[in-house]
Amino acid sequence: MKNIILTGDRPTGNLHLGHYVGSLKKRVELQEEGNFDRFYIMVADTQALTDNANNIDKVKNNLIQVVIDYISAGIDPNKVTIFIQSRVPELAEMTTYFMNLVTLSRLQRNPTIKEEIKHRGFENSLPIGFINYPVSQAADILAFGATIVPVGEDQLPMIEQTNEILNSFNYTYKPKEEIFAKPKAIIPQDKICGRLPGLDGKVKMSKSAGNAIYLCDDEATVKQKIMSAYTDPDHIRVNDPGKLEGNIVFAYLDAFANDAHFEKYLPEYKNLDELKAHYTRGGLGDVKVKLFLNNVINELLTPIRKRREECLKHINELYEMLFENSLIASAHARETLNKMKDAMGLNYEKLLNN
Ligand code: TRP
């Protein structure tokens, strides 16, 4: 069986450290393992429009930003096919057929959708396109025969619905040959990486909460953000014992620091356990820990910033790459769509008498 990896992001803002540990890092690993026939990353502009219909500029401008973030984070466009959702019209047609196989009440039960409707205040003005996006996402996944879909945990209900749609299609139209591959989600194993908290310590890192460190932040911005990160409000004097629970600086160290960082930037401690022990005992100030974290994050971001600089010099080439890749993706989706229409009996050519 073919191994096809597919994943995507909505282009609504620059990517941040939460995206990095939650998905980009894994994508780069998968890319380097090379165990796939094709690896697609889709910039989901069409999906982004389902709650940004009057915000076209936001989606349009962020499209290239997200692509620059991918490449800066280590995605190699020679290995991974990055394309634009709206440039693959087959996806829209597939969505139309799949919509007939899904009930509104099933969509209303999707826990991620439920949550997002509340969050966006859509209770009384719900766009049809928005509540339908899991169906369109099923088309994204099934069109390319994706077997592996690396996503965040919040996307599991989408994969579940995709599998239901697959089964429903097969049950309804009984294709003679298998058209779709069964998709499997892979999610971050690490708890902290699956849900990186924001700098304020209140909610998960996100653009809308304004609590993010972006891959494109410069050194001074990162430092300023880290110095203001939420720690332990009761840890007032250096000698006070400190709490690790809810302490964002230690949460980030959990996600990003390794022993080599200690050797390089804070050799008085062998590893994070020793640092944590000192902090909880008392006698270790927040500033020292924050400066260490700043070094760790900058070591990660320095090469990312360099690649970003390079990307910025080649914007036209990036767009051209996206357009070409979208044609490849479109041809792939077309094959699947033709098979679907065959199975559905929408092959009217066959009615011609020869
Ligand atoms: N819904 C995904 C997100 O918000 C983005 C997405 C769109 C996606 N289509 C996809 C992810 C297909 C995986 C596969 O993160």
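Mentor: The centres of domain 1 and domain 2 lie 36 Å apart, taken over C-alpha atoms. This is a predicted model, where local features need pLDDT of at least 70, side-chain atom pairs count only at pLDDT 80 or more, and totals for chains, interfaces and linings use all residues. Residues are numbered from 1 along each chain as its sequence is written, and side-chain values use heavy atoms, with hydrogens and water left out.

Domain 1 covers 4-196 + 315-353, and domain 2 covers 219-309; such bounds come from an automatic or database domain assignment.

Now the area. About 970 Å² is buried between the domains, and carbon and sulfur atoms give 71% of that. Buried area is the accessible area (1.4 Å probe) that two parts lose on being put together, summed over both. On the domain 1 side, Leu17, Ser72 and Ile192 supply 48% of what that domain buries against domain 2, more than any other three residues.

Next, the charges. There is 1 salt bridge between the domains. Arg308 forms a salt bridge with Asp69, their closest N and O atoms being 2.4 Å apart. The term means a side-chain nitrogen of Lys or Arg within 4 Å of a carboxyl oxygen of Asp or Glu.
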